[in-house]
Amino acid sequence: MLFSPTPLHIPDGFLSIGVSIVGWILAVVFIGIALRQTKDQLGERQVPLMGVIAAFIFAAQAINFPVAAGTSGHLLGGTLAAIVLGPWAGTLVMTAVISVQALLFQDGGLLAMGWNILNMGVITTFTGYAVYMLVIRFLGSTTRSRLIGGFVGAWLSVIVSAMAAAIELAISGTSPLYLGLPAMAGVHAIIGLGEAIITVGAIGLLQASRPEVLTTGETAPGKRTATFTLVGLLVALGVAAFSPLASAHPDGLEFIAELQGFLGLAQAPSYELMPDYTLPFLSDPVLTTILAVAVGTLIVFGLAWLIARSSAQRGTVRD
Amino acid sequence: MHIDLTDQYQHKESLIHHLDPRVKVVVTLFFILVVGLVRHGSWIAFGALFLGVLGYAAASKLGMFYAVRRSFIAIPFLLAAAPLPFIIPGPALISFPALNLTISEPGTIRFVSIMLRTFIAVQAGILLAATTPFPDLVWAMCSLRIPRPLVAVIAFMYRYIFVLADEVIRLMRARAARSPEIPGKGKPSLLWRGRVTGSMVGSLFLRSLDRSERVYGAMASRGYDGEMRTYSTFQMRGVDWISLIVFSLLILGSLSLMFLR
């Protein structure tokens, strides 16, 4: 059986080590929260249910339909997983899918897996879920609003996730933001339509045959925290995108060196004694800035999480 | 580009196949980390790391070029880095004045370096999967302190991938059997085809949900209490420690080659 990888699985080598490590730190935080939340939600059913559903997402990614010129539309699944299980269980399911794809099929790198988990496991599930719940809140809990919410949520989730990948590549100096961002967003605006149509088809079938499945997802933990988590993560990524790191010039250090006219100097004999960087982790200003951004991201995320927690506790209905 | 869904493990009687899976996981991760740390344009270091992969493949009796042949999966992604030679300023390698394009030397060096990194790192991953049975990998993850519930979900998923893949094949065969092309009639709309696919995903989901209920029931009736237990265990033997140290030193040695010029 054949599986076609989506262009969202970043292989190793495309992200710089600093960016990869930041991704892993963030992914560990999210996986930790997801494990606690799903333990409360599912108890000892956690492992068998989520294991089988992860296998389902993996298998469902193979169900495709021909679009045109040899390309086909298929599912990524983050939004669907979040709609039926809730965002935290969805995150964990997608984490398992991405881990197996990377470990077994080299679809996505091992070092880059932190960001792959965030892009395809956290950002897709939370974007899709937040949009879906928002639509349901405004249009009421009807079939039509579920279909609309599923469509818009699935479509946006793929685009936002692709934009996040573009930002990560830009910060790593692999692909400049002014080219990468519109290209990734544009391509995935089309790919996302396939995702949206399949998600709507699946919701339609569930609504017709087992509507109670959809209500489980709507009452899962993370209902209130979803928007806060998503906003926190997106703000942090936005800040990173507009920081000097992701400027039009992929390597900030080389750009500054050129500006100040010592690129010629750097190629003088002294270069042989002092290479670009001697201690990769300490003496690279780009890396230090990335670490600073990472700390900022964690703080923003921590704040969003705390606000969400306190607002959830004050509310009459706890999620 | 497609990956085919068969077990990636290739059984051979080699030293590497018999190593403790933790050694292989740690060495692979360390190797990929080092591949990422090599400076752009350090061709000697890249060459040494590539030779390392070839040697590792040969030592595991898979054939020297086993991983090379399978390492083209990341090619579509290279498109993301393709503009680099054109946009990084620097001395020109080739220029096309008519198109107002220049291929700069630093840009090309960076692009080729990214290509090599991906090429070498993917091979390390392929060799890990080819020399270690997945249950052993799962055991290694557990013993390397990855949260047990997550590892258990991954192990469960692996067990059911093949079952659900069979369901998918049946679903797709049923769709193909019911979708003849009728001469004189146009193809159905894209939206309709997408919705049919969505319904297939939905019914696969319901089947998976029911299956997970049955699996849970079967496990609960056999005394499952939320804790996963495994039979297989490994002990770090002398040969494991020696391999760990030798591999790490070789990797560090290759990294240090980037300071040669």
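A polar contact is a pair of N or O atoms within 3.5 Å, where within protein one atom must be able to donate a hydrogen and the other to accept it, and where residues adjacent in sequence count only if both atoms are side-chain atoms.

## A buried threonine

With that definition in mind, consider Thr174(A), whose side chain has a polar atom lying 2.5 Å from the backbone oxygen of Phe14(A). Thr174(A) is placed in the loop between α6 (143–171) and α7 of chain A, where helices (H or I, at least four residues) and strands (E, at least two) are DSSP runs numbered from the N terminus. Thr174(A) counts as buried because its relative accessibility is 2%; buried means under 20% relative accessible area, exposed means over 50%, and partly exposed is in between, using a 1.4 Å probe and protein chains only.

Contact means heavy atoms within 4.5 Å, and, leaving aside neighbours within four places in sequence, Thr174(A) is in contact with Phe14(A) and Leu169(A) as well as with Ala80(B), Ala81(B), Leu84(B) and Ile114(B).

## About the model

This is a predicted model, in which local features need pLDDT of at least 70 and side-chain atom pairs count only at pLDDT 80 or more, while totals for chains, interfaces and linings use all residues. Residues are numbered from 1 along each chain as its sequence is written, chains are lettered from A and ligands numbered from 1 in the order in which they are written, and side-chain values use heavy atoms, with hydrogens and water left out.

## Chain A as a whole

Chain A has 13 helices and 3 strands, and 60% of its 319 residues count as buried. Among the contacts in chain A with a separation of 6 or more, 79% come from residues 24 or more positions apart. The accessible surface of chain A is about 11900 Å², with 71% belonging to carbon and sulfur atoms; such areas come from the Shrake-Rupley method with a 1.4 Å probe, and for residues only the protein chains shown count as cover.

## Where the two chains meet

In all, 83 residues of chain A are in contact with 87 residues of chain B. The area buried between these chains is about 7700 Å², of which carbon and sulfur atoms give 78%; buried area is the accessible area (1.4 Å probe) that two parts lose on being put together, summed over both. Between chain A and chain B there are 8 residue pairs in polar contact, both residues being at pLDDT 80 or more.

Several elements of chain A give two or more residues to the side that touches chain B, including α1 (17–42), α2 (46–60), α4 (87–105) and α7 (177–209). Of the elements, α2(A) gives the most to this side, with 14 residues. By class, the side of chain A that touches chain B has 57 nonpolar, 17 polar and 9 charged residues; here Ala, Val, Leu, Ile, Met, Phe, Trp, Tyr, Cys and Pro count as nonpolar, Asp, Glu, Lys and Arg as charged, and the others, Gly among them, as polar.

## Salt bridges between and within chains

Side chains of opposite charge can pair when their charged atoms come close. A salt bridge is a side-chain nitrogen of Lys or Arg within 4 Å of a carboxyl oxygen of Asp or Glu, and by this rule there are 8 salt bridges over all chains, with 2 salt bridges between chain A and chain B. In one of these, Asp210(B) pairs with Arg210(A), the closest N and O atoms being 3.4 Å apart. Glu213(B) and Arg45(A) also meet in a salt bridge (3.1 Å, N to O), a pair that crosses from helix α9 (residues 190–221) of chain B to the loop between α1 and α2 of chain A. Glu213(B) counts as partly exposed at 41% relative accessibility, and Arg45(A) counts as partly exposed at 35%.

Within chain B, the side chains of Glu167(B) and Arg211(B) meet in a salt bridge (3.2 Å, N to O). This pair links distant parts of the chain, with Glu167(B) in helix α8 (residues 148–177) and Arg211(B) in helix α9, 44 residues apart. Glu167(B) is buried, with a relative accessible area of 6%, and a network of salt bridges links Glu167(B), Arg170(B), Arg207(B) and Arg211(B).

## Two residues with positive phi

Gln106(A) has a positive phi of about 55° although it is not a glycine; Gln106(A) is found in the loop between α4 and α5 (113–139) of chain A and counts as buried at 10% relative accessibility. Lys61(B), which is not a glycine either, has a positive phi of about 60° and lies in the loop between α3 (43–59) and α4 (66–69) of chain B, where Lys61(B) is exposed, with a relative accessible area of 52%.
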